[in-house]
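Subject: Model for your files, with notes

Hello,

Please find the model below, followed by my notes on what was found in it.

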Amino acid sequence: MYKTSPLILMTMPRGILSKRWRNLLALVNKLDLSDASGGPLGFPEFVDKTLALLKNSSLIKTFHLNCEHRHEDSRVDGWIRTALELGFLEELRLETVGMYFIETEFFTSNTLVDLTICDGFYPDGRLPPAGGVFFPALKRLSLFSVAFADCAMYDDLVLGCPVLEELFLHYPDDNNPPAWTGDVSSSSIERLTIIHHYPDYREAYEFVSFTTPSLLYLDYSGYVADQYDVDFDSLVEARLDIRPWEAFTDEHDDRSDSEDDDSDSEDDADSFSSWDVTGLVTKISNIKTLHLSSDSLEVFHFYCRSMPVFHNLLTLSFESDKEKGWQVVPLLLNSSPNLETLVIKGLVHKVTNRCGDACICIPKKKKKEEGVPCCLSTCQVKMLTVSGYLGTCRERKQISHFLANLKCLETVKVGVEVDNQQENHVHKRYMGIINALIKLPRVSPNCQIQFF
């Protein structure tokens, strides 16, 4: 049985399909064709018949094609052309586990708004005759592991969507060479999401370039690049998951300390700082909301030569990991003079000698001897949100440290997680965690603690 949505049509002979279902087909506005639940035999004929009946339809707005079996290339390309020629299509999704060539000269539509291409469908060929414009009305383009014959075709496809607002690039490590070139250039894109994970292809991260002057939202996950050249003049929110090429150790922190004291040789310093995110961090310094993964925290610490001032930053969110430190957190807080909201996913992190007074890693006596004001005491943070709170002694001390130093706090939201393997004790454990937090002293008289 082959699937369409909302009608199941495969098993009907052509005559019955024409007579009994013609009236119903005239009401269909979404067509989902997939050979996933059956063999390849019969599927091409079924698709041919269905598209022939819908050729003059003005209601088809959505067309999904999923080919998990091998079919004739020219036939599959013909199905895509027919769908685009319907004249009223707004959404097109193409999926396959094989490799199918899309003839780009005819890969065009004046009505398409949302396009998704997955895996083995790859565009190639000559540009459309209308000045190289593929989709003049397209607002959203999603590419999942899509290969291109050359870099120019990828650039042509993006530039051939002149009003594109959202671009999604998903390139995980799938045992194939990376297809994305590390470049996005568009004057219209407002939302950009990139997942680019290729730990075995160091050369894919030599240079990352974003020429996106209208970009408002960036979600980027990938390995640290040698160099960044970006245009983020309009950026409001960024979500960064920048991964290092090697795990950081205590030795890295020791070397970082030595560099601060100018005691290491210049060659050692250059070797240690071969990757540089300074250009990227500087270009996002005008944003209002910043989300950082636990990897990004360490990359910012080790690979950002100078931290800019985030004058407009109102919300800072970051994730913690027991294997990764908070070394850069004090510097981030001191560089965000107007920060109002601090969101932390998990409080447990790696103890280092560089976390400063943002956490409880360094004994209080040592902090007092340093004679430097706590970075938390100068923060203007009004709301603190902590999720993944398990109620351990270390976590409670960290919350207490926040409450004792954040003078402007008005609201603290804590997401409590209780092990439900012992269901009889869940409520008791939950209430114990809550009561322990409520009793903690607070430097801000207006601070209220809430739980979720």
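Helices (H or I, at least four residues) and strands (E, at least two) are DSSP runs, numbered from the N terminus. On that basis the chain has 12 helices and 20 strands.

This is a predicted model, in which local features need pLDDT of at least 70 and side-chain atom pairs count only at pLDDT 80 or more, while totals for chains, interfaces and linings use all residues. Residues are numbered from 1 along each chain as its sequence is written, and side-chain values use heavy atoms, with hydrogens and water left out.

The chain as a whole

Of the 452 residues in the chain, 47% are buried. Buried means under 20% relative accessible area, exposed means over 50%, and partly exposed lies in between (1.4 Å probe, protein chains only). Contact means heavy atoms within 4.5 Å. Among the contacts in the chain with a separation of 6 or more, 70% are between residues 24 or more positions apart.

Strand β12 and its partners

Two strands pair if DSSP finds at least two bridges between them. Strand β12 covers residues 217–223, and seven of its seven residues are buried, so the rest of the structure largely encloses β12. Strand β10 (residues 191–196) runs parallel to β12 and is joined to it by six bridges; here I195 stands opposite S221 in β12. Strand β14 (residues 237–243) also runs parallel to β12, with seven bridges joining the two. D219 has R239 in β14 as its bridge partner.

G222 is found in strand β12 and is buried, with a relative accessible area of 0%. Leaving out residues up to four places away in sequence, G222 touches H196, H197, Y205, D241, I242 and R243. G222 and R243 lie 21 residues apart in sequence, and their C-alpha atoms are 6.0 Å apart in space.

A three-stranded sheet

Three strands form an open sheet with parallel pairing, in the order β9-β11-β13. Its edge strands are β9 (183–185) and β13 (227–231), each of which pairs on one side only. On average, neighbouring strands of this sheet are turned by 5 degrees against each other, direction ignored. The angles run from 0 to 180 degrees between N-to-C directions, and axes are lines fitted to C-alpha atoms, for helices over the stretch in contact. Strand β11 (residues 207–211) is joined to β13 by five bridges, and V208 stands opposite Y228 in β13.

Helices α2 and α3

Helix α2 (residues 43–53) packs against helix α3 (residues 73–84) at an angle of about 20 degrees, and their axes are 11 Å apart. That makes α2 roughly parallel to α3, since angles under 35 degrees count as roughly parallel, over 145 as roughly antiparallel, 65 to 115 as roughly perpendicular and the rest as oblique. On the α2 side F43, P44, E45, V47, D48 and L51 meet R75, W79 and T82 in α3. The residues of this contact divide into five nonpolar, one polar and three charged. Ala, Val, Leu, Ile, Met, Phe, Trp, Tyr, Cys and Pro count as nonpolar, Asp, Glu, Lys and Arg as charged, and the others, Gly among them, as polar.

Helix α8 and S317

In helix α8 (residues 294–303), 10 of the 10 residues are buried, so α8 is largely enclosed by the rest of the structure. S317 sits in strand β16 (residues 315–319) and counts as buried at 15% relative accessibility. Not counting residues up to four places away in sequence, S317 touches L290, H291, L292 and V343.

Regards
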